[in-house]
Amino acid sequence: MTDTSARTVLRPMRPDEYPAFVESSKAGYAHDIAVHGGETEEFARQKSEEDHAAILPQGLDTPGHWIFVVEADGEPVGTLWLAERPHGRERECYIYGIEIDEAQRGRGYGRAAMELAEAEARSHGLHRIALNVFGGNEVARNLYRSLGYAESAVHMAKDID
């Protein structure tokens with residue numbers, strides 16, 4: 001078996017790649033809000049638009065944000081969006097998004113990207129990484145647990161008549 005992590009690297013996203021990234025990020029976030037958050041598609045799309053505009057007001061040039069293309073053997077296999085955020089009196093690296101192309105999933109690129117995120121966080125002097133994952137995303141939750149992430153809060157809901 002080939003060592004995926006040795007063949008996987010992060011490179012900064014280029015400006016010409018950003019429009020497709022942000023549209024995909026908005027669509028994925030809206031999907032998760034609707035499917036896993038129980039909101040209407042219209043509400044989810046609007047929230048996604050508003051959140052992205054607020055979080056990335058300057059696109060790739062937004063201070064404290066780092067958006068990467070995940071490459072394996074020189075070919076793009078996904079994206080990784082990191083940012084520096086406050087956490088109490090400290091700062092942390094927050095993973096806003098990690099997306100491995102559907103055709104590339106199951107090959108270890110997600111794990112490798114998460115490990116590279118740790119190195120990137122350290123390079124910015126950050127010693128904690130946090131993220132949000134919707135409850136229905138068991139594949140991602142299992143990956144994060146296997147990498148040592150612990151749930152710090154669980155939001156639960158029940159629809160009633």
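User: Which residues does P86 touch, not counting those up to four places away in sequence?
Analyst: P86 touches R91 and E92. Keep in mind that this is a predicted model.
User: OK. Where does P86 lie, and is P86 buried or exposed?
Analyst: P86 lies in strand β3. P86 is exposed, because its relative accessible area is 54% and the cut-off for exposed is over 50%.
User: Let's do the sheet then. What order do the strands come in?
Analyst: The order is β1-β2-β3-β4-β5, five strands in an open sheet with mixed pairing. The edge strands are β1 (8–12) and β5 (129–131), each pairing on one side only. From one strand to the next, the twist averages 35°.
User: How many bridges hold β1 and β2 together, and in which sense do they pair?
Analyst: Five bridges, and the sense is antiparallel. As for partners, R11 is bridged to V69 in β2, and V9 stands opposite E71 in β2.
User: And how many bridges join β2 to β3?
Analyst: Eight, with the two strands running antiparallel. In that pairing, I67 stands opposite W81 in β3.
User: What about the hairpin of β2 and β3, how many residues are between the strands?
Analyst: Two residues. In that hairpin D73 takes a positive phi near 55°.
User: Back to β2 itself. How many of its residues are buried?
Analyst: Eight of the eight, so β2 is largely enclosed by the rest of the structure.
User: Which residues sit on each side of β2?
Analyst: H65, I67, V69 and E71 are on one side, and W66, F68, V70 and A72 are on the other. They are all buried, so both faces of β2 are covered.
User: Which residues of α2 are buried?
Analyst: Y18, F21, V22, S25, K26, A30, I33 and A34.
User: What covers the buried residues of α2?
Analyst: The cover includes α3 (41–55), β2 (65–72) and β3 (75–87).

Terms used
Residues numbered from 1 in each chain as written. Predicted model: local features only at pLDDT ≥ 70, side-chain atom pairs only at ≥ 80, totals over all residues. Heavy atoms only, no water. Buried < 20%, exposed > 50% of the residue type's maximum accessible area, 1.4 Å probe, protein only. Helix = DSSP H or I, 4+ residues; strand = E, 2+ residues; numbered from the N terminus. Contact = heavy atoms within 4.5 Å. Pairing = 2+ DSSP bridges. Axes fitted to C-alpha atoms, helices over the stretch in contact; angles between N-to-C directions.
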